[in-house]
Amino acid sequence: MKLEEYLRPEFVLDDLRAACKSDVLAELVAPIGRVFPDFDVKKAHSVLMDRESLGTTGIGDGVAIPHGKMSGLSHILIVAGRSLCGVDFESLDFRPCHIFFLVIAPEHVAGMHLRILAHISRLLADEGFRNAFLRAEGREGVWRVLTDAA
């Protein structure tokens, strides 16, 4: 599985400006709405906030993987974001998050959704990958790190 099967260069945000969880989620879904005008950005934000109310997706080590399912989607969408300042995402280790992978899936693809989340989790468990992601120069550098990832 390659991330670029679900991720586009337009969905790489190398310098998130948001300072709180809700705003980060809004900033992460915004490029999907720009690329796909029929995509309901407000609904996606609501789905993600509802998921966060069940428990944080801030998994520790500066990483968050917000995710949710939406009706009306035809395929899985991934947005990768980096916050240089860090965001209090109510992470399990109580540390700010700097790396974000947003995954929004159609309601009917549970198996693939879980495989993608597992793949992203494995990548982010690698300290070398996390460091390369954080040190990459601009959007193009982050895209290279993502597409070079196994």
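Predicted model: local features only at pLDDT ≥ 70, side-chain atom pairs only at ≥ 80, totals over all residues.
User: Why is the pair of Phe-89 and Phe-100 called edge-to-face?

Analyst: Rings of Phe, Tyr and Trp (its six-membered ring) pair if their centres lie within 6.5 Å; planes under 30 degrees apart are stacked, over 60 edge-to-face, and the rest tilted. The structure holds four aromatic pairs. For Phe-89 and Phe-100, the centres are 5.3 Å apart and the planes are at 70 degrees, so the pair is edge-to-face.

User: What makes this pair a tie between parts of the chain?

Analyst: Phe-89 lies in the loop between strand S5 (77-87) and strand S6 (97-106), and Phe-100 lies in strand S6, so the pair ties together parts that are 11 residues apart in sequence. Strands here are DSSP runs of E with at least two residues, numbered from the N terminus.

User: Are Phe-89 and Phe-100 buried or exposed?

Analyst: Buried means under 20% relative accessible area, exposed over 50%, and partly exposed in between (1.4 Å probe, protein chains only). Phe-89 has 0% and therefore counts as buried; Phe-100, also at 0%, is buried.

User: Which charged end sits over the ring of Phe-89?

Analyst: That of Lys-21, 4.8 Å from the ring centre. The rule asks for NZ of Lys or CZ of Arg within 6 Å of the ring centre and within 35 degrees of the ring normal. Likewise, the charged end of Arg-8 sits over the ring of Phe-11, 5.7 Å from its centre.

User: Which residues do ring pairs link into a cluster?

Analyst: Phe-101, Phe-129 and Phe-133.

User: How do you know that Cys-20 is in no disulfide?

Analyst: A disulfide is a pair of cysteine sulfur atoms within 2.5 Å. A search of the whole structure finds zero disulfides. For Cys-20, the nearest cysteine sulfur, that of Cys-97, is 13 Å away. Cys-20 has a relative accessible area of 33%, so this residue is partly exposed.

User: What about Cys-85?

Analyst: The closest cysteine sulfur to that of Cys-85 is in Cys-20, 14 Å away, which is too far for a bond. With a relative accessible area of 76%, Cys-85 is exposed.

Methods
Residues numbered from 1 in each chain as written. Heavy atoms only, no water. Helix = DSSP H or I, 4+ residues; strand = E, 2+ residues; numbered from the N terminus.
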